[in-house]
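This report looks at how parts of a single fold are put together. Please keep the sequence and the model in view while reading.

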Amino acid sequence: MKIEKVNDYQIRCTLTREDLASRKLKTSELAYGTKKAKDLFRDMMEMAHCEYGFEADNIPLMIEAIPMNSECIVLIITKVEDP
């Protein structure tokens with residue numbers, strides 16, 4: 001799992017097939033908010049906070065999932081100021 005800060009309001013998380021497999025998580029589960037998907041998201045947000053100071057407590061988030069190829073998916077997580 002690779003996390004990059006785009007700006008103060010946005011991060012980019014790159015997940016590989018191996019990242020998902022290590023958590024026994026299918027790509028389709030990301031859309032349905034399963035417990036495993038929520039755990040992954042919590043871990044990503046914790047990493048983003050530790051590495052970049054990215055905090056999203058009590059702030060609405062927009063999450064875009066972009067499949068790059070069969071091996072990789074990119075999640076763009078954006079803080080929404082005015083939902």
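This is a predicted model: local features need pLDDT of at least 70, side-chain atom pairs count only at pLDDT 80 or more; totals for chains, interfaces and linings use all residues.

## Lysine 79 in strand 4

Strand 4 also holds lysine 79, and this residue counts as buried because its relative accessibility is 15%, where the cut-off for burial is under 20%. Its surroundings, once neighbours within four places in sequence are left aside, consist of contacts with Asp8, Tyr9, Phe54, Glu55, Ile59, Pro60 and Leu61.

Two of these contacts can be described in further detail. The side chain of lysine 79 comes to 2.8 Å from the backbone oxygen of glutamate 55, while lysine 79 also lies over the face of phenylalanine 54, at a distance of 4.6 Å from the ring centre.

Nonpolar side chains in soluble globular proteins tend to be buried together. In this model the largest nonpolar core comprises 16 residues, and Ile11, Cys13, Leu15 and Met44 are those with the most contacts inside it. At least two residues of this core are supplied by each of strand 2 (10-16), helix 3 and strand 4 (72-79), and helix 3 provides the largest share, which amounts to five residues.

## Methionine 44 in helix 3

Which helix holds methionine 44? Methionine 44 belongs to helix 3, which spans residues 35-52, and it counts as buried because its relative accessibility is 1%.

When residues up to four places away in sequence are not counted, methionine 44 touches Met1, Ile3, Cys13, Leu15, Leu75 and Ile77. Among these, Cys13 and Leu15 are, like Met44 itself, listed with the most contacts inside the largest nonpolar core. A separate comparison concerns tyrosine 9, which is 35 residues from methionine 44 in sequence and, from C-alpha to C-alpha, 15 Å from it in space; tyrosine 9 is instead listed among the contacts of lysine 79.

Notes. Residues are numbered from 1 along each chain as its sequence is written. Side-chain values use heavy atoms; hydrogens and water are left out. Helices (H or I, at least four residues) and strands (E, at least two) are DSSP runs, numbered from the N terminus. Buried means under 20% relative accessible area, exposed over 50%, partly exposed in between (1.4 Å probe, protein chains only). A nonpolar core is a set of buried Ala, Val, Leu, Ile, Met, Phe, Trp, Tyr and Cys residues joined through side-chain atoms within 4.5 Å. Contact means heavy atoms within 4.5 Å. A polar contact is a pair of N or O atoms within 3.5 Å; within protein, one must be able to donate a hydrogen and the other to accept it, and residues adjacent in sequence count only if both atoms are side-chain atoms. A charge sits over a ring if NZ of Lys or CZ of Arg is within 6 Å of the ring centre and within 35 degrees of the ring normal.
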